[in-house]
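This report is meant for someone opening the structure for the first time. It moves from the ground rules to the parts of the chain, and from there to individual residues.

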Amino acid sequence: MTSARVLIVEDEGLVAEEIALRLEQMGHIALGVADTAEEAFIFVRNVRPDMALIDINIKGSLNGIEIARRFRAEYDVPVIFMTAHADAATLREATATEPFGYIVKPFDARTLAATLETALRRRRAEEKLAKMERWLAATMTSIGDGVIATDREFRVSFINPVAERLCGWPNGSALGKPVREVFRIEGSAFKDLAEIIGEATTDRVAISLDECELESADGVRLPIDDTLAPIRDTSGRINGVVIVFRDASERKRHEAQLRQLNEDLEDRVQRRTAQLQAANHELASFAYSIAHDLRAPLRAINGFATRVVQEHAGELDAEGRRLLEVVTSRAAQMSRMIDDYLRLSRLSHVDLNYQTLDMTLLAREAWVIATQSVEKPPELQLGELPNARGDENLMRQVWTNLLSNAVKFTRT
């Protein structure tokens with residue numbers, strides 16, 4: 001049991017002394033005895049007791065009920081009434097002061113202990129609840145979103161400064177007002193607020209209100225993001241609703257800017273694509289022109305080399321014939337390369353010819369091409385390579401380029 005500091009307000013000296021003695025025996029502290037209202041207020045101002053035992057019918061200018069009312073209102077001191085007899089009207093008046101208990105005189109130590117312990121437990125519960133309420137109010141007041149809570153009749157019971165500013169109801173003027181008068185919203189797909197509240201309280205779910213506009217008391221409209229949810233007590237009973245909302249003007253502005261940026265980007269992409277298509281067309285035309293110009297000397301080289309072989313074979317030694325074969329082979333290779341380059345220039349609008357490729361065979365063919373004009377080619381160690389999928393002509397060109405560079409940069 002927690003020790004309590006108790007003030008006794010009793011104008012009968014012997015009764016007061018007996019109460020003080022019993023309090024001390026129970027482990028509590030009797031701060032003193034006041035037999036008039038004046039002495040009681042002096043005590044409470046100077047000491048602030050945890051509990052006050054007050055005789056309802058104390059003599060003087062103020063009776064016990066008036067003393068208790070001021071104790072609760074001005075000093076937040078809980079009260080237990082003591083009475084030997086009181087009519088029904090007096091008891092009703094005493095009840096209005098919300099006492100923490102009654103003790104009927106004469107009473108024994110057990111009754112006093114039980115009543116005092118019950119009152120102290122209630123006091124601790126009230127203080128805990130008040131602390132939680134203060135914390136909750138401070139939290140709701142300090143957050144950046146607007147918060148409105150209602151009672152069971154859907155009248156505003158709490159509104160934080162952000163909500164007051166957005167709704168245009170300053171300095172607590174919204175408290176007690178019907179929430180539909182304070183929180184006035186409209187939207188293209190929006191129902192009446194009463195319907196929304198009915199839906200939330202019936203289905204017991206939170207409801208997000210999209211694409212809404214809030215109209216403040218002075219007629220200013222602004223887009224908001226908000227959520228409305230029912231408030232339930234521990235037994236599940238609906239005690240009202242809470243609305244959490246924020247100004248969505250900045251979000252709307254960013255969304256509009258993002259849409260504009262996307263539209264600008266799409267326009268730039270389309271323009272750039274058109275430019276690339278035009279450039280590719282010009283490049284294709286250029287490639288065809290170059291290919292045409294290159295094929296003529298290649299045909300001449302191949303034709304003259306063939307004539308030399310056919311008409312002057314007897315006049316050539318083995319090395320001369322080999323060199324002419326290299327010339328014709330390289331001319332044929334150049335012709336294939338031109339074809340491959342033309343195909344490469346058409347890749348933007350022609351699909352690749354994908355097929356299974358024998359990579360060992362392609363590497364061996366590329367090695368022959370890469371070493372044709374080399375008098376003493378380096379040694380190639382070629383094992384079995386796994387097959388691959390790709391375009392045969394382009395992959396052959398990859399192997400040719402790779403091995404030609406390897407031969408070119410291999411030391412003697």
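## Ground rules

Helices (H or I, at least four residues) and strands (E, at least two) are DSSP runs, numbered from the N terminus. By that numbering, Ile143 is found in the loop between α5 (109-142) and β6 (146-150).

The model is predicted, so local features need pLDDT of at least 70 and side-chain atom pairs count only at pLDDT 80 or more, while totals for chains, interfaces and linings use all residues. Residues are numbered from 1 along each chain as its sequence is written, and side-chain values use heavy atoms, with hydrogens and water left out.

## Confidence

The predictor's confidence in each residue is given as pLDDT, from 0 to 100. The chain averages a pLDDT of 83, and 95% of the residues score at least 70. Among the elements of the chain, strand β12 (residues 354-357) has the highest mean pLDDT, 93, whereas helix α4 (residues 88-95) has the lowest, 74. Where pLDDT is low, the predicted coordinates should not be read in detail.

Residues are called buried under 20% relative accessible area, exposed over 50% and partly exposed in between, with a 1.4 Å probe and protein chains only. Of the 5 residues of strand β4 (residues 79-83), 5 are buried, so the strand is largely enclosed by the rest of the structure. In a regular strand the side chains alternate between the two faces of the sheet.

Two strands pair if DSSP finds at least two bridges between them. Strand β3 (residues 51-55) pairs with β4 in the parallel sense over 4 bridges, and Ile54 stands opposite Phe81 of β4. The chain passes from β3 through α3 to β4 in a right-handed β-α-β crossover, a term that applies if, with the strands pointing away from the viewer, the path from the first strand over the helix to the second runs clockwise. Strand β5 (residues 101-104) also pairs with β4 in the parallel sense over 4 bridges, with Ile103 of β5 as the bridge partner of Met82.

## Helix α3

Helix α3 spans residues 64-75 and contains Arg72, which is buried at a relative accessible area of 18%. Contact means heavy atoms within 4.5 Å. Not counting residues up to four places away in sequence, Arg72 touches Val77, Pro78, Thr97, Glu98, Phe100, Arg123 and Glu126.

Leaving aside neighbours within four places in sequence, Ile65 is in contact with residues including Phe81, Thr90 and Ala94.

## Nonpolar cores

A nonpolar core is a set of buried Ala, Val, Leu, Ile, Met, Phe, Trp, Tyr and Cys residues joined through side-chain atoms within 4.5 Å. The largest one has 27 residues, and those with the most contacts inside it are Ile148, Phe183, Leu214 and Phe245. Among the elements that each supply at least two residues of this core are α8 (193-203), β9 (207-215) and β11 (238-247). A second, separate core of 20 residues includes Ile54, Tyr75, Val79 and Ala94.

## Aromatic pairs

Rings of Phe, Tyr and Trp (its six-membered ring) pair if their centres lie within 6.5 Å, and planes under 30 degrees apart count as stacked, over 60 as edge-to-face and the rest as tilted. By this rule the count comes to 2 aromatic pairs. Phe41 and Phe71 form an edge-to-face pair, 5.7 Å centre to centre with 70° between the planes. Phe41 lies in helix α2 (residues 37-47) and Phe71 in helix α3, so the pair ties together parts that are 30 residues apart in sequence. Phe41 is buried at a relative accessible area of 6%, and Phe71 is buried at 0%.

The rings of Phe183 and Phe245 have their centres 5.0 Å apart and their planes at 50°, so this pair is tilted. It links distant parts of the chain, with Phe183 in the loop between α7 and β8 (184-186) and Phe245 in strand β11, 62 residues apart.

## Back to Ile143

Ile143 is partly exposed, with a relative accessible area of 28%. Leaving aside neighbours within four places in sequence, Ile143 is in contact with Asn160 and Val162.
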